[in-house]
Amino acid sequence: MSHDLMSQFYGCFNLPLHERIMELSRIIEVASPNKDLQTLFPQLVNNIFASSLNNGWGLNSVTYDGNRNLFEMLISFLEPQGPMFQLCYKLLSDPQLKYNLPLNILPLDLQVTLERGRCPQFYADLLTVDPQSLKLNVVGLSLNPFDYYIFNFALYLISNNQNKTSWENWNSVYFALACDYLTHFLPTDPNVPVLPHIPHYTGKVPMVAPLQTANRPLGSPSLLLIPDLSGISNQHASAQTQSRNEVWRSETVLQVFIDIWMSIEQYTNGNIDNFQQNYPVLTSSPERVRTVRVLVKHIHSFSAKYLTDLATRSSALRKYARQIMCARAYHYVKHLVTTWPLDASFRLVIELWLSLIQPWRYMDNAITQERFPRAQPMQEEGNSNTLDASYTQFIAENFPTYTCIFQMVLPRFMRLDLTTYKNAVMLFRLGKVFSQQHLIPILWNLEKAMMDNTSSLQHSPDNSYNNISTEHSYTYNGISLSKWVAIAKQSISELNVAANFEYSAIWSENKKPYMMEFVKKIHSAKLIAEKNVEEFNKRINQQQQAYWAHRNVRRDPLAVLVVKPTILPRFWATVKHWLLIVNKDEDELLFEEIKKVPDYLNNCIHYFCNIFGVNDNMLLSLETGIEEVSQEDVSFDNTTNFAQSITNKLRSNPTSINYMGDPDLMPITSYENTILVRMFYQIATRLNEIYGEQFNAYWNRDDLCGYVSREVLQRPCSVQSYVRSAEGAGCSGRSRLLRRDLPARLSLRRLASHACCLWLAAGYALFLFFSNSLILYVIFIFIMWTVYILMKASLKMIKIIKDE
């Protein structure tokens, strides 16, 4: 029977995925927990989470819209009460059954934490040490079947960063399962138990206190209020055991998801070479950022119910879940801000951060909107909960999450084109959140109290911080903030562990010029956005007039005499319309977005004036000379192709702007085909991965082959990127310029230009005219290209043509 079970399992691995799922479900249902099933379990887990190239299940690539049947089958098999978890619970009947997870597959920061012994109490009974080592080095984790599966599930998200899909592809199986696991194992309703009940399992060691964070340095006081756990610590051991047996699955999901999904690879002077080589892998994928945001929102909702949870153990877990998450999330968001590309996808990072600092929005949050496929991404939650005095402690405990990251985000907007719709929306969201009632006054008063050398506390009769000058206010809305000042100071010192870190106050005198410049940039962008609306509206009207003028010419040939001065450009506009070079529907949708930009920016001006304390007189003086500022000074091009302003500046000659990045990753220009650029980039990247060493060897040869290679391949070059160092990753951190050398490589981007496509199409039409086939045309083009390359290389070799 055991041999039959083994052969059935191994046979399943060779079946197509949908058949594999059905067969495994049948086997798990009838199988009993035995030694063979225990042996096969880790192989099944490894098969599920293997890469697609290794016959994995592709959880991050299967989507609801792409393959609905397979999507539902995978969800049904891996859901919290599906066959996979049934198998885990069957194996839990043996409390001594453990599986080893090597330490080296965990994120680097988690490895360091475990090796240094600073790990949370959750890992106390999981560590495996090398008995032959004198220092008892940690080599792995000893996990029960449930923990083993959860660890592998969490690791799958960060190990597939290289296989980044479109950031608009929201509905993968992995994301849906992440939402299901959070809602099932961390129920927001205290009256909903985690099913199924497994009271027989005794494989977890009792803990005196629930999960505690290790994200704060040793020797520093913790913000966790340990005395509140006195009721738990005085309980009997049997009660503790029973209590943890009821919540250990929730502890596992909470701790593992936070530690792994929010892991980061910090850049330091010691690992600069490794960081440069693996930079694309170490950055988070858009799917990971979105998954972390769901985790943050759900933990906020999970923690909000700790007062109504009558069970002592789960109530303590709810209370500390948010504190565990916030310490990790601060470093993770800070890392994202310093490493994320300077494009519209930064909205994902902004929304993650805004969710982190607004727990009041998720008191009754349900993540079903994100979970189900029909939910639209990036929608703002319509939660009616607002900030009140009860969240003052949270704001103080996470003070750097508000202020330090805010100061890191603002410079990014100084480098963005705020006239584009997506960038304007990002800025609008940021200003709207920080303009909420009470938030800025609380932050202002806390910062003022920390930076002030005066120890006396004074009460300000005016609650508006904008009107406070010399009078120090440590009371807001009748609530004393003095007891929270020490906590805010402590949070800055504990969350920013760099020895040379020094907090830079937002509302200080030396920051006022920067604040004024920021508001000035928004106002300048608003004026240009209004002009863009006028020009775009004018262009649409011209296209409509051209269309009707051409219709009139067709109906009345004598009308040519009337429209003769403008007939050619209008006729060309009509041709472009019929050839779908200009899509009318897309133009209308784009125009609807462009019309919203001035309104967004106008709101941003009011928001940030309130945030920075800019009064009406200061704003009026600021607006006086803005219209006289040249458009070059505000870094915008006032053309009809304003969306291409960056690439237009790069193409201009002479130019003061130099592109320092990878030439193949330069923004797609107006004379290139977007689909072809991306397709040729993927092809070239794959060929460079396979034949990169041969390309480099050919490039360095001095014979004819070397000269031919130098005609075909891109020359080696050095690219540069800015990355903020870990030592200075705080409010006033400095970016460091990293240089990376690119070898000789193949680039197909020149084939994606509209001119190249047009010439190829014209040549093919000429061949068709003479009744020649496509294959013959391809052969002819290849021969002509080969002859041209060989002739040019030969002339350079004999020095007739100067080699570049």
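Ile775, Ile779, Phe782, Ile783, Trp785, Val787 and Met791 make up a nonpolar patch on the surface. Together they have about 730 Å² of accessible area. The model is predicted. A search of the whole structure turns up 47 aromatic pairs, and the structure holds 16 salt bridges.

**The surface patch**

- Phe782, one of the patch residues, lies in helix α30, which covers residues 774–797.
- Phe782 counts as exposed because its relative accessibility is 53%, and the cut-off for exposed is over 50%.

**Aromatic pairs**

- Of the 47 aromatic pairs, one joins Phe146 and Phe185.
- The ring centres of Phe146 and Phe185 are 5.3 Å apart and the planes stand at 75°, so this pair is edge-to-face.
- Phe146 belongs to helix α7 (residues 145–159) and Phe185 to helix α8 (residues 173–185), so the pair ties together parts 39 residues apart in sequence.
- Phe146 is buried, at 0% relative accessibility.
- Phe185 is buried too, at 0% relative accessibility.
- Tyr764 and Tyr777 form a tilted aromatic pair. Their centres are 5.7 Å apart, with 45° between the planes.
- Tyr764 lies in helix α29 (residues 754–769) and Tyr777 in helix α30, so this pair ties together parts 13 residues apart in sequence.
- Tyr764 is partly exposed, at 29% relative accessible area, whereas Tyr777 is buried, at 7%.

**Charges over rings**

- Arg290 places its charged end over the ring of Phe175, 3.7 Å from the ring centre.
- Arg412 lies over the face of Phe346, with 3.9 Å to the ring centre.

**Salt bridges**

- Arg328 sits in helix α14 (residues 312–339) and Asp109 in helix α6 (residues 108–115), so the pair ties together parts that are 219 residues apart in sequence.
- Both Arg328 and Asp109 are buried.
- Lys595 and Glu592 meet through their side chains in a salt bridge, at 3.3 Å from N to O.
- Lys595 and Glu592 both lie in helix α24 (residues 584–612). They are three residues apart, about one turn of the helix.
- Lys595 is partly exposed, with a relative accessible area of 35%. Glu592 is partly exposed as well, with 39%.
- Arg701 and Asp703 also have side chains that meet in a salt bridge, at 2.6 Å from N to O.
- Arg701 counts as partly exposed at 34% relative accessibility, and Asp703 counts as partly exposed at 29%.
- A network of salt bridges links Arg293, Arg347, Glu351 and Arg429.

**Strands**

- Strand β1 spans residues 99–102, and its side chains alternate.
- Tyr99 and Leu101 point to one face of β1 and are buried.
- Strand β1 runs antiparallel to strand β3 (residues 138–143), and four bridges join them.
- Leu101 has Leu141 as its bridge partner in β3.

**Backbone details**

- The peptide bond from Leu195 to Pro196 is cis, with omega near -5°.
- Pro196 is found in the loop between α8 and α9 (230–233).
- His438 has a phi near 85°, a positive value in a residue other than glycine.
- His438 sits in the loop between α19 (421–434) and α20 (439–451).
- His438 is buried, at 16% relative accessible area, because the cut-off for buried is under 20%.

- Asn537 and Phe591 are 54 residues apart along the chain, and their C-alpha atoms are separated by 7.5 Å.
- Asn537 is found in helix α22 (residues 512–555).
- Asn537 counts as partly exposed, at 33% relative accessibility.

Key. Residues are numbered from 1 along each chain as its sequence is written. This is a predicted model: local features need pLDDT of at least 70, side-chain atom pairs count only at pLDDT 80 or more; totals for chains, interfaces and linings use all residues. Side-chain values use heavy atoms; hydrogens and water are left out. Patches are made of residues with over 30% relative accessible area and no salt bridge: like charges are joined within 9 Å, nonpolar side chains (Val, Leu, Ile, Met, Phe, Trp, Tyr) within 5 Å. Accessible areas come from the Shrake-Rupley method with a 1.4 Å probe; for residues, only the protein chains shown count as cover. A salt bridge is a side-chain nitrogen of Lys or Arg within 4 Å of a carboxyl oxygen of Asp or Glu. Helices (H or I, at least four residues) and strands (E, at least two) are DSSP runs, numbered from the N terminus. Buried means under 20% relative accessible area, exposed over 50%, partly exposed in between (1.4 Å probe, protein chains only). Rings of Phe, Tyr and Trp (its six-membered ring) pair if their centres lie within 6.5 Å; planes under 30 degrees apart count as stacked, over 60 as edge-to-face and the rest as tilted. A charge sits over a ring if NZ of Lys or CZ of Arg is within 6 Å of the ring centre and within 35 degrees of the ring normal. Two strands pair if DSSP finds at least two bridges between them.
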